[in-house]
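User: Could we go through this model together? I would like to begin with the helices and then turn to the ligand.

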Amino acid sequence: MGSKEDYEGLVSEILSCTRCPLYSSRTRAVPGEGPLNASIMFVGEAPGRSEDLEGRPFVGSAGKLLDSLLSSIGVERGGVYITNVVKCRPPGNREPFDSEVRACNPYLRRQISMIKPKIIVALGRIAGRTLYEMAGLRWDSIRAARGRVERVRVEGVDLMLTVTFHPAAALYNPGLREELENDFKNVIAPLVRGFKTVRKTTLEEFFK
Ligand code: SF4
């Protein structure tokens, strides 16, 4: 885990960042939030309107769906770290351009290197593609990646990477929502349970 000072330095860099044109239309940059020793990290695409106003990730209607998905598998939102591939809102909620993703990528790299999550869940195509590329994996499509769990190393951190749909895409598409709920139930929940079991065994062995 990185130090609190290092993390606060990173947050303040993001809040005043002008590395890509998105700085000029944002209200607030949205660095991310969650415990610095979180085992699970969720990475979305970019802040939307509510997030841009509040400066916090996943606080609009997609955020409410994420909260209910987390609670459906017994995970508290306050126990996970949540961020986005780009930290400032693209105008009109368009997809971020590749140049913007590239400009912002060092921040996500530093977050992973500081937090050292054991599991990363990429939400949506942009997050999935970005994390696959960071892990040196070949990206084909979200349909091909969805439901798979890859053991990868990102920024020197060994972790499990999985990709599912973005909650915003599932809000008005019942079919997609069902698939997203199934991914939480059948892929993400077992991953989280597996990780807890590994941790428990390790601790028990430690105290033998
Ligand atoms: S999106 Fe990222 S790189 Fe662009 S201005 Fe915001 S923080 Fe900086």
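**Helices, core and ligand shell**

Analyst: Helix 3 (residues 61-72) consists of 12 residues and reaches 17 Å from its first C-alpha to its last, close to the 16 Å expected at 1.5 Å a residue. The expected span is 1.5 Å times one less than the number of residues in the helix. Helices (H or I, at least four residues) and strands (E, at least two) are DSSP runs, numbered from the N terminus. This is a predicted model: local features need pLDDT of at least 70, side-chain atom pairs count only at pLDDT 80 or more, and totals for chains, interfaces and linings use all residues. Residues are numbered from 1 along each chain as its sequence is written.

User: Which residues of helix 3 are buried?

Analyst: A62, G63, L66, L69 and L70 are buried in helix 3. Seen down the helix axis, the buried residues of helix 3 fall within an arc of 120°, so they line one face of the helix. The arc is that of the directions from the helix axis to the C-beta atoms. A residue is buried if 20 or more other C-beta atoms lie within 10 Å of its own, exposed if 12 or fewer, and partly exposed in between, with C-beta atoms placed from the backbone.

User: What is found on either side of helix 3?

Analyst: Just after helix 3, G74 takes a positive phi of about 75°. F58 lies in the loop between helix 2 (49-54) and helix 3. Phi of F58 is near 50°, which is positive in a residue other than glycine. F58 counts as buried because it has 27 C-beta neighbours inside 10 Å.

User: Which residues does S50 contact, leaving aside neighbours within four places in sequence?

Analyst: S50, which lies in helix 2, is in contact with V59 and G60 on that basis. Two residues are in contact if their C-beta atoms, placed from the backbone, lie within 7 Å. S50 and G60 are 10 residues apart in sequence and 5.4 Å apart in space, C-alpha to C-alpha. With 16 C-beta neighbours inside 10 Å, S50 counts as partly exposed.

User: Changing topic, how many residues of helix 5 are buried?

Analyst: Eight of the 10 residues of helix 5 are buried, so the helix is largely enclosed by the rest of the structure. The buried residues are R125, I126, A127, G128, R129, T130, L131 and M134. The elements covering them include strand 1 (40-44), helix 4, strand 3 (119-123), helix 6, strand 4 (149-154) and strand 5 (157-164).

User: Where does E155 lie?

Analyst: E155 lies in the loop between strand 4 and strand 5. Its phi is positive, about 55°, although E155 is not a glycine. With 15 C-beta neighbours inside 10 Å, E155 counts as partly exposed.

User: How many residues has the largest nonpolar core?

Analyst: That core has 47 residues, and M41, V43, V85, I120, V121 and A122 have the most contacts inside it. The largest share of this core, six residues, comes from helix 4. A nonpolar core is a set of buried Ala, Val, Leu, Ile, Met, Phe, Trp, Tyr and Cys residues joined through C-beta atoms within 7 Å. Leaving aside neighbours within four places in sequence, I120 is in contact with M41, V43, L131, L159 and L161.

User: Finally, which residues come nearest to the ligand?

Analyst: Of the 14 residues around the ligand, C17, C20, Y23, C88 and C104 come nearest. A residue is near a molecule or strand if its C-beta atom, placed from the backbone, lies within 6 Å of it. Helix 4 (residues 98-115) supplies the largest share of this shell, three residues. The shell divides into 10 nonpolar residues, one polar and three charged. Ala, Val, Leu, Ile, Met, Phe, Trp, Tyr, Cys and Pro count as nonpolar, Asp, Glu, Lys and Arg as charged, and the others, Gly among them, as polar.
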